[in-house]
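Reader: I am new to protein structures and would like to learn how to read one. Could you walk me through a few features, step by step?

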Amino acid sequence: MIQNKGNNEILAKEHKLCNNLFSQAKGLMFSRQKSLVFEFDNERIVSLHMFFVFFPIDVVFLDENLKVVEIKENFKPFSFYIPKNKAKYVLELGLGVVADTGTKVGDVIHYH
(Lines give C-alpha, C1' and ligand atoms only; values in the text may rest on other atoms or scores of the structure.)
Protein backbone atom coordinates (compact mmCIF):
# COMPACT_ATOMS: atom_id res chain seq x y z
CA MET A 1 0.00 0.00 0.00
CA ILE A 2 1.17 3.53 -0.79
CA GLN A 3 -0.23 6.19 1.55
CA ASN A 4 0.08 9.95 1.98
CA LYS A 5 0.92 10.31 5.69
CA GLY A 6 -0.17 13.94 5.79
CA ASN A 7 -3.81 13.32 4.92
CA ASN A 8 -3.98 9.49 5.22
CA GLU A 9 -5.15 9.18 1.60
CA ILE A 10 -4.29 5.90 -0.12
CA LEU A 11 -2.49 6.42 -3.44
CA ALA A 12 -2.42 2.70 -4.30
CA LYS A 13 -3.59 -0.43 -2.50
CA GLU A 14 -0.99 -2.58 -4.27
CA HIS A 15 2.32 -1.80 -5.94
CA LYS A 16 5.32 -3.47 -7.48
CA LEU A 17 8.79 -2.63 -6.17
CA CYS A 18 11.43 -1.88 -8.82
CA ASN A 19 14.82 -1.93 -7.10
CA ASN A 20 17.10 -3.50 -9.70
CA LEU A 21 18.32 -2.40 -13.09
CA PHE A 22 16.08 -4.76 -15.08
CA SER A 23 12.82 -3.89 -13.29
CA GLN A 24 13.66 -0.18 -13.40
CA ALA A 25 14.43 -0.29 -17.13
CA LYS A 26 11.22 -2.20 -17.90
CA GLY A 27 8.91 -0.14 -15.69
CA LEU A 28 5.45 -0.11 -17.25
CA MET A 29 6.57 -0.90 -20.80
CA PHE A 30 4.26 -3.38 -22.54
CA SER A 31 2.21 -3.87 -19.35
CA ARG A 32 -1.18 -3.11 -18.00
CA GLN A 33 -1.56 -0.21 -15.67
CA LYS A 34 -0.30 -0.78 -12.13
CA SER A 35 1.49 1.22 -9.46
CA LEU A 36 5.27 1.04 -9.26
CA VAL A 37 7.78 2.18 -6.66
CA PHE A 38 11.32 2.73 -7.94
CA GLU A 39 14.06 2.65 -5.27
CA PHE A 40 17.51 3.97 -6.07
CA ASP A 41 20.75 3.77 -4.04
CA ASN A 42 20.95 7.54 -3.61
CA GLU A 43 19.24 10.74 -4.61
CA ARG A 44 19.72 11.70 -8.25
CA ILE A 45 17.97 13.21 -11.23
CA VAL A 46 15.75 10.38 -12.50
CA SER A 47 14.73 11.04 -16.09
CA LEU A 48 11.75 9.04 -17.31
CA HIS A 49 10.35 7.98 -20.65
CA MET A 50 6.98 6.59 -21.64
CA PHE A 51 8.10 4.65 -24.71
CA PHE A 52 5.92 1.57 -25.18
CA VAL A 53 3.60 2.63 -22.35
CA PHE A 54 0.16 3.10 -23.83
CA PHE A 55 -1.66 5.05 -21.10
CA PRO A 56 -0.97 8.30 -19.16
CA ILE A 57 0.13 8.18 -15.51
CA ASP A 58 0.94 10.44 -12.57
CA VAL A 59 4.51 10.42 -11.25
CA VAL A 60 5.65 11.45 -7.77
CA PHE A 61 9.32 12.03 -6.94
CA LEU A 62 10.43 11.51 -3.30
CA ASP A 63 13.64 12.40 -1.50
CA GLU A 64 15.52 10.07 0.89
CA ASN A 65 13.00 10.95 3.66
CA LEU A 66 10.03 9.99 1.42
CA LYS A 67 9.02 13.63 1.12
CA VAL A 68 7.45 14.70 -2.19
CA VAL A 69 9.92 16.94 -4.06
CA GLU A 70 8.25 17.02 -7.47
CA ILE A 71 5.09 15.83 -9.23
CA LYS A 72 4.40 15.17 -12.90
CA GLU A 73 0.70 14.69 -13.58
CA ASN A 74 -0.71 13.30 -16.82
CA PHE A 75 2.63 11.95 -18.10
CA LYS A 76 1.58 11.01 -21.61
CA PRO A 77 2.55 7.92 -23.64
CA PHE A 78 5.65 8.15 -25.83
CA SER A 79 6.99 11.24 -24.06
CA PHE A 80 10.09 12.04 -21.99
CA TYR A 81 10.50 13.96 -18.70
CA ILE A 82 13.54 15.31 -16.87
CA PRO A 83 12.69 16.44 -13.32
CA LYS A 84 14.22 19.55 -11.77
CA ASN A 85 14.84 17.88 -8.41
CA LYS A 86 16.82 14.86 -7.25
CA ALA A 87 14.88 11.86 -5.95
CA LYS A 88 15.67 8.55 -4.27
CA TYR A 89 12.20 7.12 -4.88
CA VAL A 90 9.82 7.52 -7.82
CA LEU A 91 6.16 6.48 -7.74
CA GLU A 92 4.34 5.71 -10.96
CA LEU A 93 0.61 5.88 -10.25
CA GLY A 94 -2.67 5.79 -12.08
CA LEU A 95 -3.80 8.90 -13.90
CA GLY A 96 -5.62 11.29 -11.57
CA VAL A 97 -4.32 9.77 -8.32
CA VAL A 98 -2.37 12.90 -7.38
CA ALA A 99 -5.39 15.18 -7.78
CA ASP A 100 -7.85 12.70 -6.26
CA THR A 101 -5.72 12.27 -3.11
CA GLY A 102 -4.66 15.91 -2.76
CA THR A 103 -1.00 14.92 -2.84
CA LYS A 104 1.35 17.90 -3.09
CA VAL A 105 5.02 18.84 -2.81
CA GLY A 106 6.10 18.60 0.84
CA ASP A 107 3.84 15.67 1.73
CA VAL A 108 5.42 12.54 3.21
CA ILE A 109 4.55 9.23 1.58
CA HIS A 110 4.79 5.77 3.13
CA TYR A 111 4.67 2.42 1.39
CA HIS A 112 4.83 -1.19 2.48
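Predicted model: local features only at pLDDT ≥ 70, side-chain atom pairs only at ≥ 80, totals over all residues.

Reader: Let's begin with sheets. In what order do the three strands of the open sheet stand?

Author: The order is β2-β1-β10, and the pairing is antiparallel.

Reader: How many bridges join β1 and β2?

Author: Strand β1, residues 2–4, pairs with β2 over two bridges, in the antiparallel sense. To see one on screen, find Ile2: its bridge partner in β2 is Ala12.

Reader: Now a single residue. Is Val60 buried or exposed?

Author: Burial is read from relative accessible area, and a residue under 20% counts as buried. Val60 has a value of 0%, so Val60 is buried. You will find Val60 in strand β6, which covers residues 57–62.

Reader: Which residues does Val60 touch?

Author: Leaving aside residues up to four places away in sequence, Val60 touches Val68, Glu70, Tyr89, Val90, Leu91, Leu93 and Val98.

Reader: Which residues does Val105 touch?

Author: With residues up to four places away in sequence again left out, Val105 touches Val68, Val69, Glu70 and Ile71. Val68 and Glu70 are also among the residues that Val60 touches. You can compare positions too: Val105 and Phe61 are 44 residues apart in sequence and 9.0 Å apart in space, C-alpha to C-alpha.

Reader: Next, aromatic rings. How many aromatic pairs does the whole structure hold?

Author: A search finds six. To describe a pair, give the distance between ring centres and the angle between the planes. For Phe38 and Phe40 the centres are 6.5 Å apart and the planes lie at 10 degrees, so this pair is stacked. Phe38 is buried at 4% relative accessible area, and Phe40 is buried at 10%.

Reader: Which pair is tilted?

Author: Phe61 and Tyr81 form a tilted pair, with 6.0 Å centre to centre and 35 degrees between the planes. Phe61 lies in strand β6 and Tyr81 in strand β8 (residues 80–81), so the pair ties together parts that are 20 residues apart in sequence. Phe61 is buried, at 0% relative accessible area, and Tyr81 counts as buried at 14% relative accessibility.

Reader: Which residues form one aromatic cluster?

Author: Those are Phe52, Phe54 and Phe78.

Reader: Last topic: how many salt bridges does the structure hold?

Author: The structure holds one. Asp107 and Lys104 form the salt bridge, and their closest N and O atoms are 3.1 Å apart.

Reader: Is Asp107 buried or exposed?

Author: Use the cut-off of under 20% again. At 9% relative accessibility, Asp107 counts as buried.

Conventions:
Residues numbered from 1 in each chain as written. Heavy atoms only, no water. Helix = DSSP H or I, 4+ residues; strand = E, 2+ residues; numbered from the N terminus. Buried < 20%, exposed > 50% of the residue type's maximum accessible area, 1.4 Å probe, protein only. Contact = heavy atoms within 4.5 Å. Salt bridge = Lys/Arg side-chain N within 4 Å of Asp/Glu carboxyl O. Pairing = 2+ DSSP bridges. Phe/Tyr/Trp six-rings, centres within 6.5 Å; stacked < 30°, edge-to-face > 60°.
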